[in-house]
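This briefing is meant to be read beside the sequence and the coordinates.

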Amino acid sequence: MAREIGDAGAAKSSTTTTKKQHKKRKGKESKTRTVHSNILYDHAKGEDNPNRHYANNKIKTTKYTLLSFIPKNLFEQFHRFANVYFVFIALLNFVPVVNAFQPELALAPVVFILSVTAIKDLWEDYRRHRSDKEINHMDCLVYSRSERRYVEQYWKEIRVGDFIRLRCNEILPADVLLLSSSDPDRLCHIETATLDGETNLKQRQVVRSFIDLDTEFDPLKYNSVIECEKPNNDLNRFRGYITHRNGRRDGLYKDNLLLRGCTIRNTEEAVGIVIYAGHETKAMLNNNGPRYKRSKLERQMNVDVFWCVIILLVMCLFSAIGHGLWMYQYGDKRPVFDVLSPEGTDLSPVVSAIYLFLTMIIVFQVLIPISLFVSIEIVKICQVFFIHQDMELYDEETDSHLQCRALNITEDLGQMQYIFSDKTGTLTENKMVFRRCTVAGVEYSHDANARRIAMYQEMDSEEEECLSHGGTLPRRESLCSQHSGKVVLRSQSTKSHRRTGSRAEAKRASILSKHTAFSSPMEKDVTPDPQLLDKVNDCGSQMEFMRFHSQLLNQIPPDLCDVFDFFIALTICNTVVVSSPNQPRQKVRRFELKSPVKTIEDFIKRFTPSRLTSGSNSSSSSSLATNRSSSQRVCSSMLSSPSAESTLTKLDEERLPAQCLQQAFSPVPPNYDQDKASAPAECELRYEAESPDEAALVYAARAYKCSLVGRLPDQVTVELPHLGKLTFELLHTLGFDSTRKRMSVVVRHPLTEQITVYTKGADSVIMDLIRPPTRDDSKGKRQRKVLYKTQNYLNLYAADGLRTLCIAKKVLSKEEYAGWLRRHLEAEAAIQGREELLFESALRLETDLHLLGATGIEDRLQDGVPETIAALRRAGLQIWVLTGDKQETAINIAYACKLLDPEEEIITLNADSQEACAVLLDESLHYIQAKFFCSSSADPHAARAFQQDYTAVHFPAPPACSPASSGAASTFLVHRLGLVIDGRTLAYALDKSLEDKFLAVARSCRSVLCCRSTPLQKSMVVKLVRNKLKVMTLAIGDGANDVSMIQVADVGVGISGQEGMQAVMASDFALPRFQYLQKLLLVHGHWCYSRLANMILYFFYKNAMFVALIFWYQFYCGFSGSAMIDQWYLIFFNLMFSAFPQLITGTLDKDVSAETLQELPQLYMSGQNSEEYKPYMFWMNMIDAFYQSLVCFFIPYFAYADSDVDLFTWGTPITTLALFTILLHLGIETKTWTWMNWASIAFSIALFFTVALCYNSSCPTCYSPSNPYWTIQRLLGDPLFYLLCIVTPIAALLPRYFYRICQGSLFPSPMLVGRQLDKLPLEIRRHYLNQSKMKLGSVGAVHPPRPQLFPFCRPFFKDCSSRIRHTHSSSSTTTKQKDKAGQSNPVHSKSMEMKDTPVRSKNPENPTARARKGSGSRAGKQGSGSPCSETVDSRGQTTGSDGLTESHTLPYPKDSPHAGEISHPAGPDASLSPEQSSPERSWLTSTPLLPQTESVQLISPPSGGPPGVTYTKNQEVLDCSNQSLLLQKGGVDPAHLPDCPKEHSPPPSRVNHL
Amino acid sequence: MGKVQVGTGPFARRPDNSAFKQQRLPAWSPSLTPYTVLPVFYLLAVVCVLLGVWLFITVENTHELKVDYTEEGTCIRCFELRKDPIQARNSCDCVVNFNIPKTFPGDVFFYYGLVNFHQNLRRYMDSRDEDQLVGRKKSLKSPSSYCEPFAHDEHGEPIAPCGAIANSMFNDSFTLTYHPPDGAEVPVPLYRRGITWYTDKNVKFRNPPTNTTLQLAFQGTAQPLFWQQPVYELDPADPSNNGFINDDLIVWMREAAFPNFKKLYGILIRAETPFSEGLPAGNYSVNIIYNFPVQYFQGRKEVVLSTVSWFGGQNHFLPIAYLVTGGLIFIAAIVLTVVYVKVGRDGKNMEE
């Protein structure tokens, strides 16, 4: 088709018949879309334009139009069953036989409800309309045929086939095929954050045929036809071809398409043709509406609504039968008051009972709370409003506050049980900060850098203070200068970047300008370590000197050489793109251009000796770029061109060399552009990297004046101190992949001319690839020393929670390289198994490396993350971290954020086959059961002992750890265990056959960490937990990879952080920071839940109570369905008179203040256990409602019995009484009374009397059949009315009030205790909270729901450990545990004790706390005194001298678990540690505690071998001693004693790199 | 996507720091502690008991006398007569004697009472036409459908007043006679007018506007089926008490709340000597024109003489309710006190 009318001329001349054919065929085929240029067609004659059938760029997300609103909205509303029901009832009222009310009046509630909902929908739609309009009216440059230039047009006017010109930082209005770019490579960089959340820049390429256009692209000359796919929502797919006039066809790929919503970056100008517009763009097709979620509370409520229906039916049936019997008793002789049917015929009792049944449904309809649904919606909207308005959830840095995207699940926030969190960007800031490094075995601690980072934090807090006090910029400036004065040795280049003193300020600025991805000053500015800086300078000057004197470079001392290489590697071993902030890439350009080595011939050419003589230091001015020939461009474009074109490449290359080389190797004096380099413009360079840690390393290198100034596909230019700009010829880049865990670049070193491989990667892999020092001479010794030290430092870094990377290099001889290259090229050329071959090829290259050094990068935790996690955990939430990160990093961060506790055991599951995984799970399950069987059974004793001491604020421990744990599952208790599982094992564990076991293991663990998990796995885990454990789950994440998990969870929370909007778009709530989760859940969630739960219960009560009044009356009116309450009151009672106070209470009531809720997270558990709204509560409320209605009915009944009272004179007081009772009931249930509560109650009463007075005096004839004319007026003059109004509510509410009082004082729930705390004066309250925090906090650290564990955690351990030390000297008896006790290390117990102290010293000023602590430990001692010593004896004997010496000689006492693996425990390192590391630690804010002191590592052997389990345990001796202790204490049969020794083999198979 | 956030400053979206929006409105939170609750309880108990005692004394000072005349005395004859529908139109008189042991001081109200007569049935209550009763001509001729099947008689004439209520109007009449010990019997004078609500008589019930006689105004309407005379001849004694504004009709049309009810028939006129202080003790007789049949629904008819207190007739329930409530509160208070004293340490702990 495209070929037929491909020619523009042909298209023009095509007759109408062909057009018709075209149209017909289009309708039939519709497999592809053909796009012509609009320029060829006149705007006026739209019919000629073949593009006219395609959607234009106007978007419309509104649901309704003015005309369609009413029918469509009604249609949608009737999807809700309740609405249908109420309409049915209203219509039933129009049937004369059964009608109960004035039919029109009966419609009122339904109409009211429907219209309220309709107004809400209308408002929402209007908001959508406004945002559509805003988007539709954005500007864009579109080529105009008449004016022959680009003119500004609105987005909505853009049509398919238009040419649009896009400038830097513009947002794409539609899906555009890139035809021209100002970029010399014909690339266009875009940022796709809004689509997939990735902030790194992506390259898009001009369509092949337009690459070699020299002149500017002229739309008038364009006459090709594009044929491509129909619009679809696959962001990663685009196929099509473009047919030119000359018949040539070129393929179109997704690399040619710019998608709507992306932002143009780093490209000055791009021109494209619109392919898909408006709703047909991929972005819009991906944009699904929000989901409708039903909250747990609502589900529960629906059950009770169902019960209400049952009650209603029972009541109706009862009445109907009663009526039938009543009729029957009169027999054939009908009394005068029994009215016949309108026709005058006699109704049989049965028929009239049936009619009555329907009538009663109408009369009792109030029981089904029609207004409940509307009220809930209103309350939720108000709750959302308040959450939005919370200042504490507002982030100044980003000027964003919490967004509730789902309006109907706020109360779910109060019922969460499991939290699934992403790590990077959620727990951490995703800002990589270079912290420290080690080069050639020497650690450079970067103290100043640490201080600087600490300063940022300080300054942030200071700035916040400033801001809150209305502080202004000048003050802040002065602050900054003060601080910067402290910092020694700032490099010149970094200074300019510190325009603003604070992170907040800078971030704000960066967000406003929206330019940079990763460029907060904290990341960019690295304060160099003076020692290292000296060395770098030294090295640079030496090299310069040598080069000038043409000496060989290898005369430089090896450590200097390593330093030099280290920085070179930091600078070039990455994929960072250099750009200048406000200019596109073009300006920063461009030195030489050559493709990487692609062929053998190329290799031979490049490496002919003649070339080696030419100068290596190439530098050129940017002007070179523009006058290069087009053929060079072709050669660059080949970079990304499909390999099919390789023949062409070769041809081109053959023509090229002379020309290229001339420019490449033109000798330029090395200091040629020294001046230029230091020019300020240079400092403005920006680095945009795929991952932030790459950028962090480059910035770090820049601090040492090794700055990356340019990167091209074939070369990297680096500016070095003293040496100026050096250009490295980039031969290969072996990109990072997750299996190799490293990346390498192969370059030709410009100074040495050697082919050098620089490798950067995870320490675990790099360390294995280091060439072991072979020779035994001094060099070999030195190497060994370096290796050892580096490993030591790596462990230290890891312990500090830093991301560690090792840097290594390797020098290849030309022959080696040639050999490798040959096979590499073969691999590249291979058709089958190319990936594997390339992988193997990379493996071949990355061997025998020479270790240069290692870096520690900190992915800083977000503010308050550890505190938040601790608080959430105390709130009874299980927190699982699902991350795509590698295991080591994840564990480090988990320690840093207190997710894992150094005191707890960690089970690590790494399996590489299904069977192995199964075995591992079984083993760990056994292990857990064995280990904790005794401890859980012994708990009660300990708990009792503990309880006696526990006199102050006591929060009764909830019975079970997890409320959902029921039936068989309830045997699982949460232990002090951490589970670490990697992605591969997770994949096996999530298999149907293993998932139950996995869950059993996982749920027994206090924290679970899934590393290396894919987005799909994340969602599978959430789904599994949610479905199997029947718990409420919350998923929180920030990136596109968290979207699936967010969508699966009950509540999805997105962090509106760095990684774009994808997660936010999918989420129900969007938070600016993780720490806000604490307030969102603990305060708002709790409030929302308790408010709504109470309101719903109240609603049920209210309706039942009101309806029951009428029901009682049926006994006195022959079950005839008459009501003493006037129809108006009956219908408007719910809707108006009693509606407002409950809405106010439902919106504003605070059972416990926000402060207390946050300080006592335990209170959150009431929501988890659904304590505010349990099924029995519904029935209790019903019973109460019936009691109250009995009182409210019979007191007036007897008071008026035997009088001449008429129906409404008697019924109106009842209505009034009921109103009073209901309002007072609400008053009892209201916890806080603001003026709004008072006002609403006053308003309700006033409204009732006003309406009653007006109604009863307005019209004597209008309201048939009832006629309450002047009733209320007379009643108001009747003392009896007032007497009734006093006594009835009192009598009705007495039981409930009495119950509440008893509850409040006799058996207060934690909530009530919290409330009572609120009432205390501030200081006393603080005192109490401190006390309880100390107690409960320490309990909470174990696990909040099980304070019984408390006695075991601290006093016990301490006690035992002291004995352990004691028994060291007096090694005595032997027991059967002897054999395995050898592994145990006394250091652990010691270090544990060390950790213990700071915790306790937190409250040194609190004498009671200390005293209580002491007594607590005493209790523990008493309970466990003698057994402890016994078991300790057993192990003390065998704890050999090894352990003792180790503990004394280790450089870092904290680092003990790793000590064993290093072969030289004593020696050189002993000297360097204490001075260097200890002072620094005080600066570290996020330093985790010691990596686990106890660990069980379950690793299956590499594939092939039989699945076996190896436990690496350092600490289980203590555990076993615990067990035996408990056994003796609890009287458990020793046969059940877990035989720890048998379970693991003595030699640790693998050491944890933690 | 694509949406441009419009802000006016760096903190454009910062929420207001108002007490309301931050949910920090000053609030009173009632605490349920002994010190706050117990005083309230005791106070409430005392108030209720005192009020109850006072009300009880007041009620004790009221008098009431009920005379069931359904089959009483000579009325047994009429009762039997009314069993036969054919005899419905025949009038029947009877006399019932009774004795008032103590003087009824003050205003004495004369009621007739019906037992087991359900005036509160839904369809019965609906069976009236308010528009007709305010004398609208249009409704007079075409009564509302609510009146069916008592809207038209068998000839298709509209019934006035239509509906079941009016149709079933109580049509016994009473004459109360005092038999003083000294012999000469004295008819007890009763106000037979002014026994309705003012608003009923003047707003809700109006005769059709007419220049001539009431009879002409009601021309073209039929009397209710069970009635013996048309609506404009209800009160032969007082022409102004005829038509819709007849007091007995109005009283009847106000539907009683319960199946056992009484309706005001007259009020003692205390103008003359024996009755100036109320109804003296002694023997009385009621002369009844016995029309209203009750045997179909096992009903009873009675005559009630009563004096009233400031809050209504003789009804001991309300004072008892107050006394009981007061007592319950008192018991609750004592229980709470005991509880606090015995086991209240925990609660107190919180207070300190």
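## A lysine, a sheet and an interface

In this predicted model, the side chains of Lys1079(A) and Asp390(A) make a polar contact with each other at 2.7 Å.

- Lys1079(A) belongs to helix 39 of chain A, which covers residues 1076-1114.
- With a relative accessible area of 9%, Lys1079(A) counts as buried, because the cut-off for that class is under 20%.

**An open sheet in chain A**

- In chain A, 6 strands make up an open sheet with antiparallel pairing, and their order is 3-2-4-13-5-11.
- The edges of this sheet are strand 3 (149-154) and strand 11 (257-258) of chain A, each of which pairs on one side only.
- Strand 11 of chain A pairs with strand 5 of chain A, residues 175-181, in the antiparallel sense and over 2 bridges.
- Within this pairing, the residue of strand 11 of chain A that stands opposite Val176(A) is Leu258(A).

**Extent of the interface of chain A and chain B**

- The contact between the chains draws on 110 residues of chain A and 95 residues of chain B.
- About 9300 Å² is buried between chain A and chain B, and 65% of that area lies on carbon and sulfur atoms.
- On the side of chain A, the residues that lose the most area to chain B are Val336(A), Phe337(A) and Val339(A), which together account for 8% of what that side buries.

**Polar and charged pairs across the interface**

- The rule for salt bridges finds 2 of them across the interface of chain A and chain B.
- A salt bridge joins Asp1206(A) to Arg254(B), with the closest N and O atoms 2.8 Å apart.
- Between chain A and chain B, 20 residue pairs are in polar contact, counting pairs in which both residues are at pLDDT 80 or more.
- Helix 48 of chain A (residues 1279-1305) gives the largest share of the side of chain A that touches chain B, namely 15 residues.
- By residue class, the side of chain A that touches chain B consists of 62 nonpolar, 30 polar and 18 charged residues.

Methods. Residues are numbered from 1 along each chain as its sequence is written. Chains are lettered from A and ligands numbered from 1 in the order in which they are written. This is a predicted model: local features need pLDDT of at least 70, side-chain atom pairs count only at pLDDT 80 or more; totals for chains, interfaces and linings use all residues. Side-chain values use heavy atoms; hydrogens and water are left out. Two strands pair if DSSP finds at least two bridges between them. Helices (H or I, at least four residues) and strands (E, at least two) are DSSP runs, numbered from the N terminus. Contact means heavy atoms within 4.5 Å. Buried area is the accessible area (1.4 Å probe) that two parts lose on being put together, summed over both. A salt bridge is a side-chain nitrogen of Lys or Arg within 4 Å of a carboxyl oxygen of Asp or Glu. A polar contact is a pair of N or O atoms within 3.5 Å; within protein, one must be able to donate a hydrogen and the other to accept it, and residues adjacent in sequence count only if both atoms are side-chain atoms. Ala, Val, Leu, Ile, Met, Phe, Trp, Tyr, Cys and Pro count as nonpolar, Asp, Glu, Lys and Arg as charged, and the others, Gly among them, as polar. Buried means under 20% relative accessible area, exposed over 50%, partly exposed in between (1.4 Å probe, protein chains only).
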